[in-house]
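Thank you for sending this model; my notes follow as numbered points.

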Amino acid sequence: MKNTFELQELLPGFKVCRYETDRFKTGRLSLYLILPLPEEPAAEAILPFLFSRTSAAFPDMLSLNKRLAELYGATLNPFVNKMGENHVIGFSMTMIDSRFALNGEDLMRECAELLASVLFEPNLTGGVLSPEDLEREKRLMTERIDGEINDKRFYAYRRLIEAMCDKEAYRVSALGSRDGVAALTPESVTETWKHVLKTARFQLNAVGSGGLDTAAEVFRARLAAMERGPLAAIHTEVVERADTVRRVEEEQPVKQGKLVLGYRAGMRDAEAEYPVLRMMTDIFGGGTYSRCFENVREKQSLCYYCSARFLSQKGIVIVQSGIENENAEKAIAEIGKQLQGMAGGDITEEDLQKSVRSMKDAFGTICDNPLDIDGWAASQLCDPAFQTPDELVERCAAVTREQAVEAAKRMTLDTVFLLKGTLTEGDSAPDEEVPA
């Protein structure tokens, strides 16, 4: 078995990423549709949730679930995400590997046919999507949006992005807004579905021991028979540096405050600079060896958690922290001090080696299960070039101390978001997360 990634463009706007292996008892098939992130994404975002419940061939959830049971208990799950200023929607399926099928079925192909049927042949009533199906899904979508608001750590992150990227498409939520969901009609969502099929860029990820080519052919044939275009352009606006620091504060009835800092990373070439910026961010706020963890959290006890992540598609570094209100200013100052120290040369060869070892541990397990293999391929949907986990580790290991210091120098603080908690120790906050 090949046990490696193979990326191929079968048609303009249709790529397939195969990972053929007999190491697993299960296979995975995921279909990704990539479009520019719209001002109001609700109509696109609701499509995979709507189509994962019914279709023309399976007009109710009972019949669709029966078909999944016939496929040896296969699962069908929708997803919605954004990568830079690109909207990514689609479906994933997990099934037993075809070599375990009792009657020799090509389960990868059969699951691909089911995926194709729910996407290309949805449940229509009078030429539009079923009003009953849509109303049900609108209620569920509103609950998902409210769920994001109730998760205060995620809420603070979202608010930082909205403020920091207020003039960029990236500011909007991948799910859309409550008002956007409320305004959806069968006619408007049907038109959105047709537009998506015509313009979206498709990628099919397939992991398993067989049937990968036949699964790809199912979608190749469908798309080849359609009139498509103009295809969506994959593009993201990158702001290189911040000229001023914006600050946004809110108060909510929670015990633990949330502090989020957004930095412009000075990124000019995402593909070339990714390893350096990834390494610098990891030393800044990655593992337990990072500056934010060792100094801000451990030595000075200014927060419950303090971590940094690099958003490569946007050239942004986000620092997230859980704090007590009275420690907010000290934490902001200390996080800035740690970055200034790195920019001043406080990065050692030992720091680089710790970071590389951590990445080897993390990336070394990616190919140990179909879900992570699919996730790795999906993380590069909008990237100009594809790389394997081993290739990325090798590039990161080649980063020098001087390069990491220079990357820290280019970082500029753009926005600070502070969510202050108004509850005291004796107050009840049932939705509050446990401090990390």
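1. E85, D166, K167, E168, R246, R264, K314 and D414 are joined in a network of salt bridges, where a salt bridge is a side-chain nitrogen of Lys or Arg within 4 Å of a carboxyl oxygen of Asp or Glu. By this rule the count comes to 42 salt bridges.

2. Before going further, please keep in mind that this is a predicted model, in which local features need pLDDT of at least 70 and side-chain atom pairs count only at pLDDT 80 or more, whereas totals for chains, interfaces and linings use all residues. Residues are numbered from 1 along each chain as its sequence is written, and side-chain values use heavy atoms, with hydrogens and water left out.

3. Which distant parts of the chain does the pair D368 and R23 link? The two side chains meet in a salt bridge at 3.2 Å, N to O, with D368 in the loop between α12 (349-363) and α13 (370-378) and R23 in the loop between β2 (14-20) and β3 (26-36), 345 residues apart. Helices (H or I, at least four residues) and strands (E, at least two) are DSSP runs, numbered from the N terminus. D368 is partly exposed, with a relative accessible area of 41%, and R23 is partly exposed as well, at 42%; here buried means under 20% relative accessible area, exposed over 50%, and partly exposed in between (1.4 Å probe, protein chains only).

4. Two further pairs each sit within one helix. In helix α5 (residues 152-164), E162 and R158 lie 4 residues apart, about one turn of the helix, and their closest N and O atoms are 2.7 Å apart in a salt bridge; E162 is partly exposed at 23% relative accessibility. In helix α7 (residues 186-199), K194 and E191 are 3 residues apart, again about one turn, and their salt bridge spans 3.9 Å, N to O, with K194 partly exposed at 43%.

5. The largest nonpolar core has 58 residues, and those with the most contacts inside it are L29, M93, L119, F202 and F219; such a core is a set of buried Ala, Val, Leu, Ile, Met, Phe, Trp, Tyr and Cys residues joined through side-chain atoms within 4.5 Å. Its largest share, 10 residues, comes from helix α3 (residues 107-120).

6. Leaving aside residues up to four places away in sequence, F219 touches F14, L31, A112, L115, A116, F120 and L204, contact meaning heavy atoms within 4.5 Å.
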